[in-house]
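Here is a briefing on one structure.

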Amino acid sequence: MKKIAIIGAGYSGLSIAALLAKYGYYVTVFEKHGELGGCAGYFSRGKDTFDAGATTLSGLRDGGPFRKILDVLDLDVDVLEVEDGIRIISDEHELIIGNSIDSTIEQFNKVFPHFNSESFWKQMKEDQDRALNLVSNLSYIQFPSVENISKLLTTELFSKLRALPLITKSFYDVYLKPLNASKEVEKVIDEILMISTQSTSKDVPALFGILGVMYPFDLWCATGGMKSLMYELKNLIKRYDGTIYLSEKVEKINLEKDIFHIETAKRKMSFDYVISCVPNFSLENIVDGGLKRQLNLNVKKTLKKWSAITSYFVMDTEEEIPGTYYQFLISDAPFGKSRSIFVSLSHIDDEVRTKGNRRLVTISYHTDATEWKLNERDEDYKKAKECIKLFCERSLRNVFEKYKITQIRNTAVGTPLTFQRYTNREKGFLGGIPYSLSDPLFLHQRTKTSVSNFYCLSDTTIPGQSIYSLSLSSLNLLGYIKKVSLI
Ligand SMILES: Cc1cc2nc3c(=O)[nH]c(=O)nc-3n(C[C@H](O)[C@H](O)[C@H](O)COP(=O)(O)OP(=O)(O)OC[C@H]3O[C@@H](n4cnc5c(N)ncnc54)[C@H](O)[C@@H]3O)c2cc1C
């Protein structure tokens, strides 16, 4: 049986390990941290388990890639649909995006009476299918060859889908400008896109903008949070005789006569394949000289900018708070670099996490890692965390006080340093590749590398809303190695 090493037990590592294990490969996963999940990880305080980073799942509708992962692996993860999408809250208005196209149009019409919401949202719905079709063909880009690329360009699909402008023009130029969208409409759209694509409407190619704007219509969470998803993947890997070594950082990888040798502080092992599921800039530090030259990793193209500030709360209210995901449009978050904060509540029906009106809250927002100068030992670091905590608590009170808050307790605050420590990402660089017109997708590191049997699969090889994109990527890679098509 072929032996495959997988570096990193974030979602990419665990999903590809589970797929390969199920399809007959012998997988060994190495994870530096003591827990699973990486950026989609979790942590516990007392009996409460918080999602540390990612909270939302998407790609479950209409044979989407995450649905395929659940089906192919027959995973026993109970997913709850967040039927009312995302609630966008600002001082001036409250909007719900994503429960249905008609109600989203209705909400938009009330808040933005001068914008042709009907035309915009109906066009989004119509073009979503074209975009999904094209994105399913991303495997052509992940595994480039003359044959593959020419296949993509000459497919009936490509011309039939009138794909070129969707790739070469911005979302703003294709969809917002023709409708004379106001600055206010643009801001709402931009803040959704910042979450799903790490870009804004003027920078994101129209194709990915459609998917980014439509993600609130395909929004889910796992009962028990990310922990239950990661545990199910782990259990499946073990059931198929795979091994996961936790708290074992891969220190070195080299290649001798088609065999890869991997070293951790505790062991040296040999493998037929390596799948790096860590960001390319982390991989660069562990591949040995000769292999590094052969791999010729395209790290310079990975944007190293974004990180996140996070804050975690337990909140009790007398009355039930509606919905699960909120985006507060606020520009003055401490260290914040976007104009909103994303607030995830545990799903009201998720009794594994909380009961009644008690909700676990994860707040996250963008920060610029390159500007983060504080060190954990600095007195100012403690002050910064206190300031973040107070800001987040105040924001929660402002929006949720009407449901009569009886308790609100902060359990932790995360900074780029926290992500650096728990995900081993240099400076806490997060979020992978933003979709950007100035930085075309095909210039980035691909999953297939120049070394046979060495693959890169992480959010630095495929852009976007990650669990969605990484699921697609994992299915593509399994298909490529196993020569089967699961898409
Ligand atoms: C705050 C935040 C909120 C987000 N929200 C969402 C969301 O709601 N929905 C969504 O779909 N996506 C979301 N994302 C994005 C998503 O979480 C990530 O893109 C995705 O989880 C990345 O997975 P990965 O496996 O590629 O990388 P990582 O999660 O970084 O996993 C890499 C793993 O490799 C380990 N590792 C690193 N170096 C080594 C080494 N040398 N040896 C062994 N192990 C090593 C790390 O410890 C880590 O566990 C969010 C991200 C953040 C930060």
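The ligand is surrounded by 39 residues, and the closest are Gly8, Gly10, Gly38, Ala54 and Ser466. A residue counts as near a molecule if its C-beta atom, placed from the backbone, lies within 6 Å of it. This is a predicted model: local features need pLDDT of at least 70, side-chain atom pairs count only at pLDDT 80 or more, and totals for chains, interfaces and linings use all residues. Numbering starts from 1 along each chain as its sequence is written.

**Ligand shell**
- H1, strand E14 (306-317) and helix H17 (466-482) are the elements that give two or more residues to the shell.
- Helices (H or I, at least four residues) and strands (E, at least two) are DSSP runs, numbered from the N terminus.
- H17 provides the largest share of the shell, four residues.
- The shell has 16 nonpolar, 18 polar and five charged residues.
- Ala, Val, Leu, Ile, Met, Phe, Trp, Tyr, Cys and Pro count as nonpolar, Asp, Glu, Lys and Arg as charged, and the others, Gly among them, as polar.

**Nonpolar core**
- The largest nonpolar core has 131 residues; Ile6, Ile16 and Ala17 touch the most other members.
- Helix H1 (residues 11-22) supplies the largest share of this core, eight residues.
- Such a core is a set of buried Ala, Val, Leu, Ile, Met, Phe, Trp, Tyr and Cys residues joined through C-beta atoms within 7 Å.
- Buried means 20 or more other C-beta atoms within 10 Å of a residue's own, exposed means 12 or fewer, and partly exposed is in between; C-beta atoms are placed from the backbone.

**Helix pair H10 and H11**
- Helix H10 (residues 183-196) and helix H11 (residues 206-214) pack at about 95°, with axes 8 Å apart.
- Axes are lines fitted to C-alpha atoms, for helices over the stretch in contact, and angles run from 0 to 180 degrees between N-to-C directions.
- H10 is therefore roughly perpendicular to H11, a class that spans 65 to 115 degrees.
- Ile189, Ile192, Leu193 and Ser196 of H10 meet Gly209, Gly212 and Val213 of H11.
- Contact means C-beta atoms, placed from the backbone, within 7 Å.

**Loop residues**
- Glutamine 198 sits in the loop between H10 and H11, and its phi is near 60°, a positive value in a residue other than glycine.
- Glutamine 198 is buried, because 26 other C-beta atoms lie within 10 Å.
- Aspartate 241 also has a positive phi, near 65°, but is exposed, with 11 other C-beta atoms within 10 Å.
- Leucine 297 is partly exposed, with 19 other C-beta atoms within 10 Å.

How values were computed: Parallel < 35°, antiparallel > 145°, perpendicular 65-115°, else oblique. Contact = placed C-beta atoms within 7 Å.
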